[in-house]
Amino acid sequence: MTQRVEKAVEILKNTGVRMTPKRHAILTYLLETMTHPTADEIYKALEGKFPNMSVATIYNNLRVFKDAGLVVELTYGDASSRFDANVEEDHYHAICSKCGSISDFHFPYLRDAEESAAKDIGFHVTGHRMEVYGICDACQKNTH
């Protein structure tokens, strides 16, 4: 078990969440793939190992993880929510307009923008989200 999974399991146990084999598998998948999967993608990845697991089980566990601060739900209009388990470091997302993949990238945190909104217009900032859109490397290679 990776250190990130161990830490997440400890956080859940400290909040009174019982660690079941399905919950552990969902958590491990999220923390090890880092692909910002949908609930359906998680289900498809784990259904072979847990044939009696439902999509509802996935959603219920994602809610538990979200409430514990272990994942962030990324919503994009009509599309299915994606789930980001990289909550320990400030990062932003590059989203492919062709295949929908989401990749993390690092850029200096926009604290100045938050402070400016607070100072200039009296806005109480609770966070921000920055995304860039374009065509990922894999899709660029497939078009040539």
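Student: Is Glu73 buried, exposed or partly exposed?

Tutor: Glu73 counts as partly exposed, at 28% relative accessibility; here buried means under 20% relative accessible area, exposed over 50%, and partly exposed in between, with a 1.4 Å probe and protein chains only. Before we go on, note that this is a predicted model, where local features need pLDDT of at least 70, side-chain atom pairs count only at pLDDT 80 or more, and totals for chains, interfaces and linings use all residues. Residues are numbered from 1 along each chain as its sequence is written, and side-chain values use heavy atoms, with hydrogens and water left out.

Student: And what does Glu73 form a salt bridge with?

Tutor: Its partner is Lys66, with the closest N and O atoms 2.7 Å apart, and Lys66 is partly exposed too, with a relative accessible area of 38%. A salt bridge is a side-chain nitrogen of Lys or Arg within 4 Å of a carboxyl oxygen of Asp or Glu.

Student: How many salt bridges are there in the whole structure?

Tutor: A search of the whole structure gives 3. One of them joins Glu41 and Arg82, whose closest N and O atoms are 3.2 Å apart.

Student: Why would that pair tie parts together?

Tutor: Glu41 belongs to helix α3 and Arg82 to strand β2 (residues 82–84), so the pair ties together parts that are 41 residues apart in sequence. Helices (H or I, at least four residues) and strands (E, at least two) are DSSP runs, numbered from the N terminus. Glu41 is partly exposed at 33% relative accessibility, whereas Arg82 is buried, with a relative accessible area of 17%.

Student: Where do Asp137 and Lys141 lie?

Tutor: Both lie in helix α6 (residues 137–142), 4 residues apart, which is about one turn of the helix, and their side chains meet in a salt bridge of 2.9 Å, N to O. Asp137 is partly exposed, with a relative accessible area of 47%, while Lys141 is exposed, at 58%.

Student: Changing topic, which residues touch the most other members of the largest nonpolar core?

Tutor: Of the 24 residues in that core, they are Ile26, Leu27, Leu30, Ile42, Leu62 and Phe65. A nonpolar core is a set of buried Ala, Val, Leu, Ile, Met, Phe, Trp, Tyr and Cys residues joined through side-chain atoms within 4.5 Å. The elements that give two or more residues to this core are α1 (3–14), α2 (21–33), α3 (39–46) and α4 (55–67), and the largest share, 6 residues, comes from α2.

Student: What does Ile42 touch?

Tutor: Leaving out residues up to four places away in sequence, Ile42 touches Ile26, Tyr29, Leu30, Pro37, Ile58 and Leu62, where contact means heavy atoms within 4.5 Å.

Student: Which loop holds His36?

Tutor: His36 lies in the loop between α2 and α3, and it has a positive phi of about 55° although it is not a glycine. His36 is also buried, with a relative accessible area of 3%.

Student: How many bridges join β3 to β4?

Tutor: Strand β3 (residues 92–96) and strand β4 (residues 102–105) run antiparallel and are joined by 4 bridges; two strands pair if DSSP finds at least two bridges between them. Tyr92 stands opposite Phe105 in β4.

Student: Which element has the lowest mean pLDDT?

Tutor: That is β4, with a mean of 84, whereas α3 has the highest, 96; pLDDT is the predictor's confidence in each residue, from 0 to 100. The mean for the protein is 88, and 97% of its residues reach 70 or more.
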